[in-house]
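Colleague: I have the model open and would like to go through it with you. Could we begin with the overall picture and then turn to details?
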Amino acid sequence: MSSYITEGFFKLQQYQFQIHLGGIIDLLSHHLYSGPHVFIRELMQNGVDAIQARKQIEEEHQGRMDIQVVDARDDLPPTLVFEDNGIGLTEEEVHRFLATIGESSKRNELAVRRGDFIGQFGIGLLSCFMVADEILMITRSAREAGHPAVEWRGKSDGTYEVRLMETDVSPGTRVYLRARKGMEAYFTKDQVGKLVRHFGDLLSTPIYLSHGDWTERINDRRPPWERVYVSSEEERRSYLEYGNDLFGQHFIDYIPLRSEAGGVVGAAYVLSQATSPKVKSHHRVYLKGMLLSDQVENLLPDWAVFVRCVVNAEHLRPVASREGFYENEELEATRTVLGETLRAYLIRLAERAPHRLQDIIQLHHMAICSLAAHDEECFRVFGDFITFETTMGRMTLGDCRKRYDTIRYASSVDEFRQIAQVAASQNLCILNAGYVYNRELLSMLEQVEPDLQVEQVDAANLTHHLEDLTLEEREKAFLLLRTADLTLQPYRTASDIKKFEPTTLPTIYTSNEQANFARQARLTKELADDTWGGILNAFENEYASSQYAQLCFNFKNRLIQRLMKIQDRTVLKRVVEMLYVQALLMGHHPLSDKEMALLNQGLLQMIDAVLGQEGDFE
Amino acid sequence: MSTDYRQRIEEIIDAADGEESDRAVAALEEAVRLADVHQDIEWGFKARESLVQVANFSGHGDKSLVAFSWILAQIDKNPEYEDRYLRYDLMWRYKWIASSLTNFPHISKEQILNVVEDMERRYKERGLSMRAVERIRYSLAKEFGWEDKVEEHFERWQSLPQDGSQDCEACETDFIMDHYLFHRNDLDQALEIARPILEGRLSCIGVPGNTLTTLMMELFEAGRVEEADRMQRKSHRYATKNADRLWAAGKHIQFLTLTDQLPRAIRIFEKMASAAVKSRELSNRHTFIRGARTLFLRMADRGRKKVKLRLATDFPVACDEPYRYDVQALGDWFSWEAERVADLFDARNGTSDYHDELKEDLELMKKIQPLPRKAKVE
């Protein structure tokens, strides 16, 4: 009976795949890459690699690439000629590398010198089939002087022809592409120029674009980290302008990045607009000068939401589509170094320009808090800079830690308000942890700093710390307390009396989680029909019986002093009711209908009393 | 008070979205208070709608229920609110609330039945199938010991149309399996029914976790320990997610104790004990208490005097030195607590089921079946 739990349903049988090359080309070109435009990148990559290979045998070799746009003529579609003066290929290499997918002229050397080449997959050229039906390549190897030039003609159905040429050409490779119908847009001077700049901006090999008589070097602008500056203002301007141009957005600051691991150099730009905690920053990443992608997410630690980077990496390994990196140790190490750089920047900022750091934190507050609340590393970076509302004014968590051995907090905004005044007058620093993520941040603090005391203060236990009355004083207050208990019983509130500062405060209303819940049940009961009313009542009784809210009078307050002298219980009752409602309002508790009625009655009676006095004068 | 309270409420709702934890519940309660102070009905709805969801799936059925009843009351006052302010189908959620009522022994039988009437009325008003209501009536018949009605409810339930208001297919399949297990006592047939779940073709937030947990104990009792152990291993993560899973955690502790895997039982106990102590969902919590009782009684039987446990300081049994507890004291406390809660439920239900279960647990302890060695090293 139990067989289906233990045995699988499949029996494996082996078959050989039938591979249709045309289909594979289609698959690669349309699904592996993000769009047809990447054929430019693939051609440039092949060119750069070929030049690199040639430099290994001719150290002094000056590489260059030339791209020529030839407009449509008569019935001929527009054409692109892509030329490099790199290593070139022999006939044998042409067969080997261009006929076998996955083979690459770079693979053999790979084990030895992975660092030198960008491409690894031998499929780059195939991407040209996205924009052309036929690829014509003329290549001559620089390795073997006597070897003739080779012409290779490949078609998108997977067939190709090779012939040796008799004419003499200089070593290197020339690729001719004729626009496929509908793809002419990729063959204009402007579009090609834009794409070459987009992908090859940082390449050190000069790239020339020509169109008719016109020729121009495309990539002559160097990134800010490669330039030399006379002043720090000049440097700052240069970095920020570059970032602005590149991303089309304004940044408030920049951080130069450099990491041995991954061979990374570049800059991180501090975003000037708030980020959402759930959206990751997209970085612009070049690999050996060639743009890999402007959508890379995994380059920085997760907490680095406030920056957008542009970097050039020398040793990171791209994924097959060359639009992101493999998650490997090198990337991990790079991320750590870059994270350290950002962290060092923040710490420096905290020392030298704390207001600028505050601006950044303010701007990205939600994102930073949400990450710091869940990520220990992020907490270590930002924790100290996050500000809390406290009974001693706004303060960073770092300052709180410096000043106090114990961090005390109130867990809701209401609770904080209930105790703020009292705590402040006693020089007690209590943090308001009622806002989103605040409490998680504090539990993270506890986790990160096990020696630090982090303590929740609820309003109810705060009053335990207030000064008690002497026996005689207590007797004076007896009637007030008794009347108050009876008056407040229907509101599930008990009374007490203590001495506390400020003396201007007549009462504090304190509650706790359970009493709050009971109160919520009671408020809801007023709305609900009988079916639900009974149930809510049961909840209220169940929870409120153990935990009452409390109205604590201040013995030092003048009004309370006067109240203790009054013997008339009706008057006492009314005043207690008013004090109760006032305390609720001060603590921002929603009022029930009954409490609202108390407030109205009380106010009317007061107005009445005032008018009565006026009357007496007449 | 700041004028941007709406933004704060929204932030809280966003932050709590999909996060089923005590903290998310507390934050949403705060959002509710904010809306109420400003007498903002719209945000009162939105905050409570999230609270109903989050509280329900994190073991705070009481809070879910109060928020839900507020929504119902407001909609009774002004039916337009339902379409205007609510993102999700209110009646779909009524099922959660109605089925959670039995969790609280201070809610009387009559009050529970009244709510089911109310649910039925509202379903009828909206032209919905009675299938979801019948499903609740089935559970109540089980809870209140009306065994003779159980089969009747089951058959009626099966005949009622599925119009999307009923439980999801995974939950319904799990329910049919339960019926075969606990009413028809047919384990083989139950396994056959659970097949689509066990093969991973049906799943939801509760399935397969609770299916596996249920089968784990049933297979154990049938002497099929190795299969049971596989069920345990596949669902232990489920059983320790949050306070909503206390019953599953309790079953796992019981099973691991009965198969002599005490260290694994203790790990689950440590992880969930603090939530169990605080939980207000008494019957959910009760299953955990039962599991813990079995665990510590068993340890005492084996002559163990002390045990090291990583527990929070608010744990109701005192330790003699940090983290070192007296096994006897633990066994006593959990036995006492189990009896106390069983009293509450049996009194409300007018049955002796909860006490009978406690006796059965002790009987089971006489049938310890250690796992064969090879299964342990999996």
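Modeller: Of the 618 residues of chain A, 51% count as buried, where buried means under 20% relative accessible area, exposed over 50% and partly exposed in between, with a 1.4 Å probe and protein chains only. This is a predicted model: local features need pLDDT of at least 70, side-chain atom pairs count only at pLDDT 80 or more, and totals for chains, interfaces and linings use all residues. Residues are numbered from 1 along each chain as its sequence is written, chains are lettered from A and ligands numbered from 1 in the order in which they are written, and side-chain values use heavy atoms, with hydrogens and water left out.

Colleague: How many helices and strands does the secondary structure of chain A come to?

Modeller: Chain A has 22 helices and 21 strands; these are DSSP runs numbered from the N terminus, helices being H or I with at least four residues and strands E with at least two. Among its contacts (heavy atoms within 4.5 Å) between residues at least 6 apart in sequence, 67% join residues at least 24 apart.

Colleague: Which residues of helix 10 of chain A are buried?

Modeller: Seven of the ten residues of helix 10 (residues 365-374) of chain A are buried. They are Ala367(A), Ile368(A), Cys369(A), Ser370(A), Leu371(A), Ala372(A) and Ala373(A). These residues pack against helix 9 (354-363), helix 11 (376-382) and helix 14 (438-448) of chain A.

Colleague: Now Arg284(A): why does it count as buried?

Modeller: Arg284(A) counts as buried because its relative accessibility is 7%. This residue lies in strand 11 (residues 283-287) of chain A.

Colleague: And what does the side chain of Arg284(A) reach?

Modeller: The side chain of Arg284(A) reaches the backbone oxygen of His198(A) at 3.3 Å. It also makes a polar contact with the side chain of Tyr286(A) at 3.0 Å; a polar contact is a pair of N or O atoms within 3.5 Å, where within protein one must be able to donate a hydrogen and the other to accept it, and residues adjacent in sequence count only if both atoms are side-chain atoms. Asp294(A) is ten residues from Arg284(A) in sequence, with 3.8 Å between their C-alpha atoms.

Colleague: Changing topic, what area is buried between chain B and chain A?

Modeller: About 4,000 Å², of which carbon and sulfur atoms give 62%; buried area is the accessible area (1.4 Å probe) that two parts lose on being put together, summed over both. On the chain B side, Arg23(B), Arg33(B) and His106(B) lose the most area to chain A, together 17% of what that side buries. The contact takes 51 residues from chain B and 43 residues from chain A.
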